[in-house]
Amino acid sequence: MNLDQDQVLCECAQDRLISFVSQIELKLSIEIVLSPKLVMTMVQAEDSIDFQPFYVGEVLMTECQLLVDGVIGYGYCMGDAPQRAYAIAVLDAIFHAPTSLFKEELAAFIEAEKSILTQQKLEEYNQVLRTKVDFKIMEQA
């Protein structure tokens, strides 16, 4: 399973994410451009036959924009999660900064959270497999 950075930040435990960001934000100059706020956005999908894009519906999201040491950072996540959106915006700015003292720490955090999420998804997958019906066994009975 290959999780990308955005997926990891949106799905990792919020308490660990907030804790990580609170450790480094004291050493940064952060200016709020757009405070975390709720927005609705359209979800686009692709028709599996004609491969034409269409809109499935709307989803509630939280967005935030920050200026971190002069670099803009954007934070978007599904649901009502202002703290997560803020944390993602801080980390987005660090990731896109030309030089940052925290890039190595960010990469280590992402890898650690990725392994936790991968393990959780594997356990969930195995739980689902236990409920799967084997029709060949049922035919033998």
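Partly exposed residues are those whose relative accessible area falls between the buried class, under 20%, and the exposed class, over 50%. The legends below describe close-up views of a predicted model.

**View 1. Asp-69 in the loop between β2 and β3.**
The loop joining β2 and β3 contains Asp-69. With a relative accessible area of 47%, Asp-69 is partly exposed, because that class lies between under 20% and over 50%. The backbone of Asp-69 has a positive phi of about 50°, although the residue is not a glycine. Most residues other than glycine have a negative phi.

**View 2. Phe-51 in the loop between β1 and β2.**
Phe-51 is placed in the loop between β1 and β2. Its phi is positive, about 55°, and Phe-51 is not a glycine. The relative accessible area of Phe-51 is 53%, and the residue is therefore exposed.

**View 3. Helix α3 and its buried residues.**
Helix α3 comprises residues 82–96, 15 residues in total. From its first C-alpha to its last, α3 reaches 21 Å, close to the 21 Å expected at 1.5 Å a residue. The buried residues of α3 are Arg-84, Ala-85, Ala-87, Ile-88, Ala-89, Val-90, Leu-91, Asp-92, Ala-93 and Ile-94. Among the helices, these buried residues pack against α1 (5–11), α2 (14–25) and α4 (103–130). Among the strands, they pack against β1 (30–46), β2 (53–68) and β3 (71–78).

Helix α2 has twelve residues and reaches 16 Å from its first C-alpha to its last, close to the 16 Å expected at 1.5 Å a residue. Leu-17, Phe-20, Val-21 and Ile-24 are the buried residues of α2. They cover an arc of only 95° around the axis, so they are on the same side of α2. An α-helix has 3.6 residues a turn, so residues three or four places apart point the same way. Asp-15 and Gln-23, on the other side of α2, are exposed. The buried residues of α2 pack against α1, α3 and α4.

**View 4. The contact of α2 with α4.**
The axes of α2 and α4 come within 12 Å and cross at roughly 170°. This crossing angle makes α2 roughly antiparallel to α4, because angles over 145 degrees count as roughly antiparallel. From α2, the contact involves Arg-16, Leu-17, Phe-20 and Ile-24. These residues meet Glu-105, Leu-106, Phe-109, Glu-113 and Ile-116 in α4. By class, the contact of α2 with α4 has six nonpolar, no polar and three charged residues.

**View 5. Asp-15 in helix α2, shown with Phe-54.**
Asp-15 lies in helix α2. The relative accessible area of Asp-15 is 59%, and the residue is therefore exposed. Asp-15 and Phe-54 are 39 residues apart in sequence. In space, the C-alpha atoms of Asp-15 and Phe-54 are 36 Å apart.

**View 6. Gln-119 in helix α4, shown with Glu-31.**
Helix α4 contains Gln-119. At 41% relative accessibility, Gln-119 counts as partly exposed. Gln-119 and Glu-31 are 88 residues apart in sequence. From C-alpha to C-alpha, Gln-119 and Glu-31 are 36 Å apart in space.

Technical notes
Residues are numbered from 1 along each chain as its sequence is written. This is a predicted model: local features need pLDDT of at least 70, side-chain atom pairs count only at pLDDT 80 or more; totals for chains, interfaces and linings use all residues. Side-chain values use heavy atoms; hydrogens and water are left out. Helices (H or I, at least four residues) and strands (E, at least two) are DSSP runs, numbered from the N terminus. The expected span of a helix is 1.5 Å times one less than its number of residues. Buried means under 20% relative accessible area, exposed over 50%, partly exposed in between (1.4 Å probe, protein chains only). Contact means heavy atoms within 4.5 Å. The arc is that of the directions from the helix axis to the C-beta atoms. Axes are lines fitted to C-alpha atoms, for helices over the stretch in contact, and angles run from 0 to 180 degrees between N-to-C directions. Angles under 35 degrees count as roughly parallel, over 145 as roughly antiparallel, 65 to 115 as roughly perpendicular and the rest as oblique. Ala, Val, Leu, Ile, Met, Phe, Trp, Tyr, Cys and Pro count as nonpolar, Asp, Glu, Lys and Arg as charged, and the others, Gly among them, as polar.
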